[in-house]
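Good morning, colleagues. Please look at the structure on the screen, and I shall take you through several of its features.

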Amino acid sequence: MNNLLSQLLLNLAEKEAAEKELHAKVESLEVLVAAIISTLSREKSAEVIEKIESALADIARNNGGAMKSDLELLSHNIARITSVATR
């Protein structure tokens, strides 16, 4: 029983470490994208943001609402990143 509990705790710790690593990667990518967009001219950044929004709309249409909550979360995060970059 102790061996099983120990194994479960190890598995949990490994998953938590992997989750932290993934979170750090995502945050790094957010910073990089925001930095790249902020270096663009206002017109070019608006064009990039428009293309991103268009791609999200295409995905939403093609999935017929199957991934609606995922797309809403993605759209919210993209809007947050791009609003920071265009300030």
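How are H2 and H3 oriented, roughly parallel or roughly antiparallel to each other? Before I answer, a note on sources: this is a predicted model, in which local features need pLDDT of at least 70 and side-chain atom pairs count only at pLDDT 80 or more, while totals for chains, interfaces and linings use all residues. Residues are numbered from 1 along each chain as its sequence is written, and side-chain values use heavy atoms, leaving out hydrogens and water.

Helix H2 covers residues 42–63, and helix H3 covers residues 68–85; helices are DSSP runs (H or I, at least four residues) numbered from the N terminus. Their axes, lines fitted to C-alpha atoms over the stretch in contact, come within 11 Å and cross at roughly 175°. Angles run from 0 to 180 degrees between N-to-C directions, and those over 145 count as roughly antiparallel. H2 and H3 are therefore roughly antiparallel to each other.

Where the two helices are in contact (heavy atoms within 4.5 Å), Ile49, Ile52, Leu56, Ile59 and Ala60 of H2 meet Leu71, Leu74, Ser75, Ile78 and Thr82 of H3.

Let me turn to Ser45, which lies in H2. Ser45 is buried, at 6% relative accessible area; buried means under 20% and exposed over 50%, with a 1.4 Å probe and protein chains only. Leaving aside residues up to four places away in sequence, Ser45 touches Ile37, Leu40 and Thr86. Ser45 and Thr82 are 37 residues apart in sequence, yet 8.7 Å apart in space, C-alpha to C-alpha.

Met1, by contrast, is exposed, with a relative accessible area of 82%, and sits in the segment before helix H1 (2–39).

Technical notes:
Parallel < 35°, antiparallel > 145°, perpendicular 65-115°, else oblique.
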